[in-house]
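User: I want to learn how to read sheets and cores in a model. Can you take me through one?

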Amino acid sequence: MTAKKRVIYRINISPAGKWDEKDENSIWNIYQKFFDNVEKDIFTPRVERYSNSVGADLITISELDHDATEIEGRTSFYRAANCMKFYALRDAHERGYNEFLLLDNDILISKNSQDIFENTEKDGLYMSPTPVLKKGLVDIAQKHYSFNLTQTWNGGVILAKGESFKILAENLPCSMYDFFNAITWSKGYPFKVGVKKHHNLFPEGYASSDEIVFPFLASKSKIEIETLHNKWNKMVNVNDPDSIFKSLKNKNFLHFVSDSKKLLLNKDFSEKILLKF
C-alpha cells in the first residue's frame, strides 16, 4: 500500500503595477492592499500552521513560471496567475505526491479547522459548486473545449487525491501557453502578440480560467468531479458582511472572493473575524 504523501500548494503572486494606481476602487488596487497589509500577516501564518497540523508539505508559488510569463502581457494578470495552478499540479505529480490541495491566497483557514484530507471520503477531484451557474463558462466549455458543462465550479480550493490526481496530472498539456493558443486558433480567434487585453487572446475571458480547465481535464480523464462541501470554501459576500458571522459554525475555510477582500481592510471587521474564526 502506497504511503500518503500530502502537499498544499498556494498561489500567492502580487499584482504590483498591474492596475491604474489612480483608481482607488480598482479590484487590483484592493488586491494589492490586501496582499501588502493582510495576507502576509494573517493568511500565510494560518496556512503554515494548518499544513503542519495535517502533515502536509507547503509549497508557495510567488512568481510566474515560463508558461504563465509568456501569456502575461497578452492576457490579464489574473488569468496568467491561473496558469500557475496547472504548473502546481504537474509539479506535485513529478515530486511524487499523491494527495494535492491547491489554495488561492485569499483563503482564510480557521484556527480549529478539520483535516480536509481525512474528511473527504474517497480518492477523486474535489471542487466547490459556484453559488449560481456561470452561463459564460458553460458557453465556453461548448465553444472552445467541445464538452458539456452542467455545473460550474469555483477554483479557490481544489483537492485531488489518489489515482484521480495522477491521471489529471498526466493529462496536462506540456505547455499551457501552446494549449490556450491552439484553442484560440481552432475557434477562429487569432492570437495577437503584444495585445494586453485578455479578450484578444481568449475572447470570452473565462477561457483560460482554472474554473474551465480543471473540469475540462476531468472530462478528458473521465473523472467525475466530487462536490466539496462549502465548509471547505465558504465564499464571502461583500454586500452582506454581517451574514458571514452567522454562518461561521462548522466552517473550515473562508474564501474572500473578488472585492470582498476590502472587508479585511476594515480594522473592526478584520479583528472580529480573526477573533471568531
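User: What is the strand order in the open sheet of three strands?

Analyst: Start with the general idea. Strands of a sheet pair through backbone hydrogen bonds, either parallel or antiparallel. Now the case here, in a predicted model. The order is β4-β9-β8, and the pairing is mixed.

User: Which strands are the edge strands?

Analyst: Look for strands that pair on one side only. Here they are β4 (107-109) and β8 (234-235).

User: How many bridges join β4 to β9, and how do these strands run?

Analyst: Three bridges join them, and the two run antiparallel. Strand β9 covers residues 253-255.

User: On to the cores. How many residues has the largest nonpolar core, and which have the most contacts inside it?

Analyst: It has 42 residues. Tyr9, Phe100, Tyr145, Ile212 and Val213 have the most contacts inside it. Helix α3 (residues 77-94) gives this core its largest share, seven residues.

User: Now a single residue. Is Leu137 buried or exposed, and why?

Analyst: Check relative accessible area against the cut-off: buried means under 20%. Leu137 has 0%, so Leu137 is buried. Leu137 lies in helix α4, residues 135-143.

User: How many residues apart in sequence are Leu137 and Ile212, and what is the distance in space?

Analyst: Read both separations together. Leu137 and Ile212 are 75 residues apart in sequence. In space they are 6.6 Å apart, C-alpha to C-alpha.

Key: Residues numbered from 1 in each chain as written. Predicted model: local features only at pLDDT ≥ 70, side-chain atom pairs only at ≥ 80, totals over all residues. Heavy atoms only, no water. Core = buried A, V, L, I, M, F, W, Y, C linked by side-chain atoms within 4.5 Å. Buried < 20%, exposed > 50% of the residue type's maximum accessible area, 1.4 Å probe, protein only. Helix = DSSP H or I, 4+ residues; strand = E, 2+ residues; numbered from the N terminus. Pairing = 2+ DSSP bridges.
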